[in-house]
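This report goes through a protein chain from its overall make-up to selected local features. Please keep the sequence and the model in view while reading.

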Amino acid sequence: DMLILSLVKALLDSLNEKQIVASLTVKSDDLKGSISKLEKWFEICGVADYADHIKFLRDLQELRSCGTGHRKGKGYDKIAKELNITDGDFKRSFKDILIQSIAFLDFLALNADALSAPGAKA
């Protein structure tokens, strides 16, 4: 739980949401949460193939919310199944989550030019 909490802090809570919002051409009030704003930013900047990364970030956030943030119940069981954490091998499960996290960071690095282009201020 603490590893997931730390990972969410590093990948999501540390996003510069203010800068992302500043680069959006839509009202940020229409977008709920940092992941939705990040997704819109990718779209506006013309970044391709971000859907799987956005899904992973949503799943990771849900895991944090259902696991670390609250008592584990049906919501946790559902997201644990989605992230393949159902076999009790938490070491392997966290390794898989780290691999997806690294893939997301690699995706950001690969698209850094598009994300830092004029109009992409975040």
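Predicted model: local features only at pLDDT ≥ 70, side-chain atom pairs only at ≥ 80, totals over all residues.

Residues are numbered from 1 along each chain as its sequence is written, and side-chain values rest on heavy atoms, with hydrogens and water left out.

**Overall make-up**

The protein chain has seven helices and zero strands, where helices (H or I, at least four residues) and strands (E, at least two) are DSSP runs numbered from the N terminus. Of its 122 residues, 36% count as buried; buried means under 20% relative accessible area, exposed over 50%, and partly exposed in between, with a 1.4 Å probe and protein chains only. Among contacts (heavy atoms within 4.5 Å) with a separation of 6 or more, residues 24 or more positions apart account for 52%. The chain exposes about 7,600 Å², of which carbon and sulfur atoms supply 54%, the areas coming from the Shrake-Rupley method with a 1.4 Å probe.

**Helix α1**

In helix α1, which spans residues 2-13, the buried residues include I4, L5, L7, V8, L11 and L12. These residues lie on the same side of α1 because they cover an arc of only 165 degrees around the axis, the arc being that of the directions from the helix axis to the C-beta atoms. The face turned away from this buried side carries the exposed residues M2, L3 and D13.

**Aromatic rings**

The structure holds three aromatic pairs; rings of Phe, Tyr and Trp (its six-membered ring) pair if their centres lie within 6.5 Å, and planes under 30 degrees apart count as stacked, over 60 as edge-to-face and the rest as tilted. Two of these pairs share F42:

| Pair | Centre to centre | Angle between planes | Type |
|---|---|---|---|
| F42 and Y50 | 5.7 Å | 50 degrees | tilted |
| F42 and F107 | 5.4 Å | 80 degrees | edge-to-face |

Because F42 lies in helix α3 and F107 in helix α6 (residues 90-110), their pair ties together parts that are 65 residues apart in sequence. F42 is buried, with a relative accessible area of 0%, and Y50 also counts as buried at 16% relative accessibility. F107 is buried as well, and W41, F42, Y50 and F107 form one aromatic cluster.

**A loop residue**

D49 lies in the loop between α3 (34-44) and α4 (51-68). The phi of D49 is near 60 degrees, a positive value in a residue other than glycine, and D49 is exposed, with a relative accessible area of 70%.
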